[in-house]
Amino acid sequence: IQVAIAAKSEAMDVGFWRAVLGYLPAAEDNAVDPLGHGSTVWMQEIAPEKALRHAMHIDVSVAREQVPEALAAGGRIVDESHAPKHWTLSDRAGNRVCICGWPDGNGGGSDG
């Protein structure tokens, strides 16, 4: 599970999240729990012209064979344009989650 925090380039503040969570950098745009207990935090840069909404969401990676079960768990599919890499789902309140098929060597994987 990964917490994704969307921001425009001038508002990217992964340093803040590292500090408040006590996390360390693994790459320029993320923060990881040094003890390996918590979720990764990833800063997702959005285009300047794109509206900022649902600025924080969760990415859940599952084995490819578990994707159908995850998609059938409820909510509605908001975006499937990146399938089979990932699907964006929403609960009734509009909160989003990305279901990502774990890479299986066939060109898969999530890009956000």
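Tutor: Let us start with Asp59, whose side chain makes a polar contact of 3.1 Å with the side chain of His57. A polar contact is a pair of N or O atoms within 3.5 Å; within protein, one must be able to donate a hydrogen and the other to accept it, and residues adjacent in sequence count only if both atoms are side-chain atoms. Please note that this is a predicted model, in which local features need pLDDT of at least 70 and side-chain atom pairs count only at pLDDT 80 or more, whereas totals for chains, interfaces and linings use all residues. Residues are numbered from 1 along each chain as its sequence is written, and side-chain values use heavy atoms, with hydrogens and water left out.

Student: Is Asp59 buried or exposed, and which side chain of opposite charge is nearest?

Tutor: Buried means under 20% relative accessible area, exposed over 50%, and partly exposed in between, with a 1.4 Å probe and protein chains only. For charge, Lys and Arg count as positive and Asp and Glu as negative, while His and the chain ends are not counted. A salt bridge is a side-chain nitrogen of Lys or Arg within 4 Å of a carboxyl oxygen of Asp or Glu. Asp59 is buried but has no salt bridge; Arg96, the nearest side chain of opposite charge, is 11 Å away.

Student: Where does Asp59 lie in the fold?

Tutor: Asp59 belongs to strand S4, residues 56-62. Helices (H or I, at least four residues) and strands (E, at least two) are DSSP runs, numbered from the N terminus.

Student: In what order do the strands form the sheet?

Tutor: Strands of a sheet pair through backbone hydrogen bonds, either parallel or antiparallel. Two strands are taken to pair if DSSP finds at least two bridges between them. Here 7 strands form an open sheet with mixed pairing, in the order S2-S3-S1-S4-S7-S6-S5. Its edge strands, S2 (30-31) and S5 (76-79), each pair on one side only.

Student: How many bridges does S1 share with S3, and how many with S4?

Tutor: Strand S1 (residues 2-8) pairs with S3 in the parallel sense over 7 bridges, and Val3 stands opposite Val41 in S3. With S4, S1 pairs in the antiparallel sense over 4 bridges; there, Ile5 has Met56 as its bridge partner.

Student: What kind of peptide bond joins Ala83 and Pro84?

Tutor: That bond is cis, with omega about 10°. Pro84 is found in the loop between S5 and S6.

Student: How many aromatic pairs does the structure hold?

Tutor: Rings of Phe, Tyr and Trp (its six-membered ring) pair if their centres lie within 6.5 Å; planes under 30 degrees apart count as stacked, over 60 as edge-to-face and the rest as tilted. The structure holds 1 aromatic pair. Phe16 and Trp17 form it in edge-to-face geometry, 5.1 Å centre to centre with 80° between the planes. Phe16 is partly exposed at 41% relative accessibility, and Trp17 is partly exposed at 24%.
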